[in-house]
Amino acid sequence: MVDVPTRPPFPAASAALPLSAVLSPPARLTPADHNLLLELLATPTAGPLETGTDGPAVRLWEAGRAYAAAAAATGLRVLRHAPPDPAALRRDDVPLTVREAARDETFLARQPSLVLRLGPELPRRDTVMFNVHLDTVAGWWPARFDGLRFTGRGAIDAKGPAVALLAGIRAARAAEPALGSRVGVLIQAVAGEEGGALGTFGTRPLVEDGFTGSMNLFCEPTGHRFLPRSTASMTALVRVEGEDAVDDRPEAGHNATVLLGHISHYLARALPSRIGDGRVCVAGLHTGERHNRVYGTGRLLLNISYGSRPAGRAAEAALEQALHEALADFASGAAGIPDLARTALDAARITSLQWHKRGLPALDGRGRAPWAEELLERHAGLVRWPDEEPAFTCDAIWMADAPDSYTAVFGPGDLDTNHAHAAGEYVDLDDLDRYADEIARILVARVRHGPPGDAAGDPSHAHSAAVPGTAADRISPR
């Protein structure tokens, strides 16, 4: 292990950081935290939705136990370590890819989620919840730490933030003894955030079982700004089902390659301007791999994000209309080309639109709990994500309908800059130290500046209600 070089302390109070938000000394990751992060980075946790059935075995059980063991040193205990009931995936809004994968009875069993709690059972009003995911996208290489920077899959998204979270809680307890007695902390360390699962078998079941607080923070890269919004996304499949042809007689079949190429180009130009508060990703075009065959079948995938359920319904209609236009445009332009005449004639008949994912909620917590934003800005010294800057999609969507609560996405680093979902993913130690200090300031501020009013929280959401009464794993080790 490389010793951490001496670094200057975080700046003291300034015009941008109120005195009440400064901890002395500031939170820092310890050598034990460095070791934990390296252990997590060395543990492959990409699920089968990312790696496929022939990929390396996902080791989320091991990662969860390592994280829980480290958290125990700060006083957090295990409430649940288990996958959800399989019924969680028998719902209409569960992505098709997830439902298909769940036909394998081992799919869920290999992807548990972990819930930790600091302090006694408390009402939601007196609880802060943090959500972090331990699963990653595919792609793995040996973890490294050079004393300044961690590299490895999950370094920024989101194993690094998960470790910094524990360091922040530890520092907050040292600064404010009432944390863990008067105000409790929950951590959801989930599976199923990546791979297009969108929390349907990780975060959503935990939220529905009441593992939430009056303040809920999702640890994703936001450049240290808190973001009270999260878009949802829908996935559409445009399928062409025509007849193949030999390369010597291309006019005899349907050319799905040319048709889907036209559709993808048309949608990429026409659709984004019709999506009011989201983004369009045209991707996943496939017909075949050989040069001496006209492929009559193929598929095109699109992912569309949106900021509200009405916007999602409008986006569905916009895609359907744009696809209709694309087919008409192709039929008109290709009708006079002999090799494409049959494809042009039958384009509308052989093309269909199917939905792999739609109907998910989106989060917009702006103005929902003024006390919480004042706490984060005034008392913890944080900056809010600008309203004019687009949000992104993460598991925070499942808090959209939670009553009497505030939810924001908040984390270190940047998805692009730190190469999340790409080769060379990294996080700097300074960034993690800063994040740990911010977590500590949030928690200290929450103890000292709670929500208005004296009403007790809703006892129906007491967190032990969903727990079978033991801190042990509910499913035997695998």
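Biologist: How do you know that the charged end of arginine 225 sits over the ring of tryptophan 385?

Modeller: The charged end of arginine 225 is 4.3 Å from the ring centre of tryptophan 385. A charge counts as over a ring if NZ of Lys or CZ of Arg is within 6 Å of the ring centre and within 35 degrees of the ring normal. Arginine 149 does likewise over tyrosine 426, at 3.9 Å from the ring's centre. Mind you, this is a predicted model, where local features need pLDDT of at least 70 and side-chain atom pairs 80 or more, while totals for chains, interfaces and linings use all residues. Numbering runs from 1 along each chain as its sequence is written, and side-chain values use heavy atoms, leaving out hydrogens and water.

Biologist: Why is tryptophan 385 called buried?

Modeller: Its relative accessibility is 7%, and buried means under 20% relative accessible area (exposed is over 50%, partly exposed in between; 1.4 Å probe, protein chains only). So tryptophan 385 counts as buried.

Biologist: What makes phenylalanine 145 and phenylalanine 150 a stacked pair?

Modeller: A search of the whole structure turns up four aromatic pairs. In this one, the centres are 4.0 Å apart and the planes 5° apart. Rings of Phe, Tyr and Trp (its six-membered ring) pair if their centres lie within 6.5 Å; planes under 30 degrees apart are stacked, over 60 edge-to-face, the rest tilted. So this pair is stacked.

Biologist: And why is the pair of tryptophan 385 and phenylalanine 392 called edge-to-face?

Modeller: Their centres are 6.0 Å apart and their planes lie at 65°, so the pair is edge-to-face. Phenylalanine 392 is buried too, at 15% relative accessibility.
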